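Q: I would like to learn how to read a few features of a structure, one at a time. Could we begin with the places where helices touch?

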Amino acid sequence: MKKLQEQAIEVLNNNWTGSFSIPCANLYPFQWFWDSGLIAIGFAHFDMPKAEKEIETLLDAQWENGFIPHIIFHTENDSYFPGASFHRSDLHPLASKKYKSTGMTQPPVTGFVLEEMYKISNQKEASLKYIASVIDKVYFNHEYFYKNRDPQNEGLVYIYHNWESGTDNSPIWDDIWETMNPPEYTFERRDTTHVDAAQRPSKREYDHYLHIIEIAKEHNYSDEKIAELSPFLVQDPLFNAMLIKSNESLITLYKLIGGNIDKIEQLKKWQEKSKESFNNKLFDDELGAYIHYDLRNEKPLRYLSSSSFSPLFANIPTKEKADKMIKVMIEKFGGEHQYLCASFDPTSALFNPKKYWRGPVWINLNWMLFNGLNNYGYTDIAERVKQDTISLIKNNGFYEYFDSRKEMHTNGKAGYGGNNFSWSAALLIDLLE
Ligand code: 9YW
């Protein structure tokens, strides 16, 4: 059997199109924002030009206001719904003229991805030159967020759609669906022709997803109107942690490049405010971890998910808070019958270990937790996250997500969703280094 690394490299090379990577064949045939970033980390270990091209292509689709879309529809392909003709990014006056895309974004990973690429590189000077050629676009993207997605000027940005979170059908959104009553749309799902419907969101959930987009489209994806009218307006700890982590990386990289004093000062200001609000508003003392906040209905969404621990990756919690979080992670997510780290609280009635973001383990979150736990010196549990990740992939293949229950892993069929999934391969390569 080929070594796991070699298999991972093969997955990445097969999903490479020449200028960007697809997350996986058939199910996701375009370029996705946070996938691209995480994929570049994998490529950086064995093919830096591809890693650089991946990010360059992503940034080439940036809008004139700094926004970067969540899906870039490079080709016509009807194996995915909803496609370019549904999303109609052209409605926005500042949208890219070159690429069709969605009118929503995804967790802003690009800043820390550039720093990871730099750390991995064995040609630091050339890498820094490359980074210097793209970094202002990433800064501009962060500026977009703080200018347009923070109506109360808190240093916390909102997402207006569950697809922006990256954790599409998390039970956390159920509370929001209860505040909405969208029409029953007629449409043809494509995801369920590639993947067992039991592992995907329901038709009714899709009605909600489409309805939010219809509202945004009615207003040409205007940020102001979305802030005023979208039924979904959430401050998400994972999304904001990615932004904060990326801010920190931009500061480090600008310092290495030299100059750019004003940008560094601005980034520091954002950091200070964002971290303070993050800790004051999103930490739930009783639950012992970070939670989401529903800005539309002004109420905390008091659930534990793998996103609750992601702030460790961005050095947001104090050591005292981090200690509390680790206790909760071990008690609720880390029982001996569970692989770390389930995407949703395994002790909750809403936990579903087969269904997408309602319970299964995802490799991208595990990678962040591994790094975050190590940041704080919790090396034992970090090692467990790493070993669990390797076992899941070794026993099942490079799936999109995995059953968190150990008892399900007796016959190697507990990997779900798409197979030969790019970020599972990319981040495994990084973990094995
Ligand atoms: C969709 C591509 C995307 C990821 C998301 C994940 C899933 C499905 O796949 O979304 O239709 O967009 O939830 O995080 O970026 O891999």
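Q: Which residues of helix 2 meet which residues of helix 15?
A: Contact here means heavy atoms within 4.5 Å, and helices are DSSP runs (H or I, at least four residues; strands are E, at least two), numbered from the N terminus. In this structure Trp34, Leu38 and Ile41 of helix 2 meet Asn364, Leu365, Trp367 and Met368 of helix 15. The residues of this contact divide into six nonpolar, one polar and no charged, where Ala, Val, Leu, Ile, Met, Phe, Trp, Tyr, Cys and Pro count as nonpolar, Asp, Glu, Lys and Arg as charged, and the others, Gly among them, as polar. The model is predicted: local features need pLDDT of at least 70, side-chain atom pairs count only at pLDDT 80 or more, and totals for chains, interfaces and linings use all residues. Residues are numbered from 1 along each chain as its sequence is written, and side-chain values use heavy atoms, with hydrogens and water left out.

Q: At what angle do the axes of helix 2 and helix 15 cross?
A: Axes are lines fitted to C-alpha atoms, for helices over the stretch in contact, and angles run from 0 to 180 degrees between N-to-C directions. The axes of helix 2 (residues 33-44) and helix 15 cross at roughly 60° and come within 12 Å. Helix 2 is therefore oblique to helix 15, since angles under 35 degrees count as roughly parallel, over 145 as roughly antiparallel, 65 to 115 as roughly perpendicular and the rest as oblique. Their crossing is left-handed, a term for a near helix turned anticlockwise from the far one by less than a right angle, whereas clockwise is right-handed.

Q: How do the axes of helix 3 and helix 6 lie to each other?
A: The axes of helix 3 (residues 48-60) and helix 6 (residues 124-148) cross at roughly 15° and come within 10 Å, and these two helices are therefore roughly parallel to each other. The contact is made by Met48, Glu52, Ile55, Glu56 and Leu59 of helix 3 with Ser127, Tyr130, Val134, Lys137 and Val138 of helix 6. By class, this contact has six nonpolar, one polar and three charged residues.

Q: Which side chain has an N or O atom 2.5 Å from an oxygen atom of the ligand?
A: A polar contact is a pair of N or O atoms within 3.5 Å; within protein, one must be able to donate a hydrogen and the other to accept it, and residues adjacent in sequence count only if both atoms are side-chain atoms. The side chain at 2.5 Å from a ligand oxygen is that of Tyr80. A polar side-chain atom of Asp168 lies 2.7 Å from an oxygen atom of the ligand, and one of Gln106 lies 2.9 Å from an oxygen atom of the ligand.

Q: Where in the backbone is there a cis peptide bond, with omega about 0°?
A: Such a bond joins Phe81 and Pro82, and Pro82 is found in the loop between strand 2 (71-73) and helix 4 (84-87). The peptide bond from Leu340 to Cys341 is cis, with omega near -5°, and Cys341 is in the loop between helix 14 (319-333) and helix 15 (363-375).
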